[in-house]
Amino acid sequence: MQFSERLSGHSGSIYSLASGPDDLIYTGGADKVLASWSLNDLKAAPFSVKLQASLLAVYYRPENHHLYLGTSSGNIHLIDLANKTEVRNLVLHTNGCFDLLPLSDRLITLGGDGYLTCIDYNGEWIDRKKLSDKKLRRALYLSQDALVIVGTGDGDIAVLSSEDLSLQAQFRAHEGSVFSLAWHPEKKVLISGGADAHLRFWDLSDGNQLVHEIPAHNYAIYDIVDTGEWFATASRDKTVKIWNRNFDLIQRFDRKQSEGHLNSVNRLLWDEKRRQLISASDDRTLIIWS
């Protein structure tokens, strides 16, 4: 892959990045603005939302054409894109909402207060569970095993049943926060990325055993994406790295050699249709890698 395009328009760090309808993607961050971008035109689209707090998580649900926005205040905003109106403003957490995980009939929200909350897609409360005294950072749904995996701010990974959110296991995975999670379908292991800059690989079927680890970056690993052919990781060390299916390093994108980001890389998104990787950064820009 190589640098293709840089998109700018935000006036603060970009923390959230999500697919939308058609050719659109959504971003948000420290400037308290939800922005939309056209991947066909490679420019900002007209629709945007101004919020009262930084935007930490975005999810678009095509079934009802709604956006779900998690903010640093702990509010979750439900936006009806058809009417371009806010239909609900839910106060579910204190100290921020850091991730939104969609299930078939429910949405899971992760709070800076250490609580996982479950709502339906109309915003009605279903359940709430305390998992940590620190922030809940990232969640992953393993549909084949009916499990929800949660990474916490104290370095734990919590394994819950997706049916009733009962806790199945909780174990220490990293020194510092668990920022990123992914599933390796061929090796059938969970991949976690932490504040300690390591990638770790866990066999959940064998007592949550650590089977491999890599000192993958110089600083915290904020995101992991599986494209089906290779994996990509994003880090506070300002780099994006590409790994093969055995996690041998293939490419490294940085500012000096690859026209990469100036600051921390916070989120990644794989666009299967165009075979492009999109990265979002503290430097207020998006980069398209083709």
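**A friendly note on this predicted model**

1. Let us start at a loop: arginine 284 sits between strand S27 (276-281) and strand S28 (285-289). Its phi is near 75°, a positive value in a residue other than glycine. The relative accessibility of arginine 284 is 44%, so this residue counts as partly exposed. Please keep in mind that everything here comes from a predicted model.

2. Asparagine 95 is another residue to look at for its backbone. Here phi is near 65°, again a positive value in a residue that is not glycine. Asparagine 95 belongs to the loop between strand S9 (85-91) and S10. With a relative accessible area of 45%, asparagine 95 is partly exposed.

3. Now for the overall picture.

4. Of the 290 residues, 60% count as buried. The accessible surface of the protein chain is about 12100 Å², and carbon and sulfur atoms account for 43% of that surface. Taking contacts between residues at least 6 apart in sequence, 39% join residues at least 24 apart.

5. On charge, the protein chain carries 31 positive and 37 negative side chains. The centres of these two sets lie 6 Å apart. The count of salt bridges comes to 16, and the next points visit some of them.

6. Aspartate 99 and arginine 267 form a salt bridge in which the closest N and O atoms are 4.0 Å apart. This pair links distant parts of the chain, 168 residues apart: aspartate 99 is in strand S10 (residues 97-102) and arginine 267 is in strand S26 (residues 265-271).

7. Aspartate 113 pairs with arginine 128 in a salt bridge, with 3.6 Å between the closest N and O atoms. The two residues are 15 apart and link distant parts of the chain, with aspartate 113 in the loop between strand S11 (107-111) and strand S12 (115-119), and arginine 128 in strand S13 (residues 125-130). Aspartate 113 has a relative accessible area of 11%, so it is buried, whereas arginine 128, at 38%, is partly exposed. Elsewhere, salt bridges with shared partners join Asp99, Arg138, Asp223 and Arg267 into one network.

8. Arginine 106 and aspartate 105 also meet through their side chains in a salt bridge, at 3.0 Å from N to O. Arginine 106 is buried, its relative accessible area being 14%. Aspartate 105, at 44%, is partly exposed.

9. Finally, have a look at tryptophan 125, which lies in strand S13. Why does tryptophan 125 count as exposed? Its relative accessible area is 53%, and exposed means over 50%. Setting aside neighbours within four places in sequence, tryptophan 125 is in contact with Thr117, Cys118 and Ile119. Leucine 92 is 33 residues away along the chain, and its C-alpha atom is separated from that of tryptophan 125 by 9.0 Å.

Note on methods: Residues numbered from 1 in each chain as written. Predicted model: local features only at pLDDT ≥ 70, side-chain atom pairs only at ≥ 80, totals over all residues. Heavy atoms only, no water. Helix = DSSP H or I, 4+ residues; strand = E, 2+ residues; numbered from the N terminus. Buried < 20%, exposed > 50% of the residue type's maximum accessible area, 1.4 Å probe, protein only. Contact = heavy atoms within 4.5 Å. Areas by Shrake-Rupley, 256 points an atom, 1.4 Å probe, with all protein chains shown as cover. Lys, Arg positive; Asp, Glu negative; His and termini not counted. Charge placed at Lys NZ, Arg CZ, Asp CG, Glu CD.
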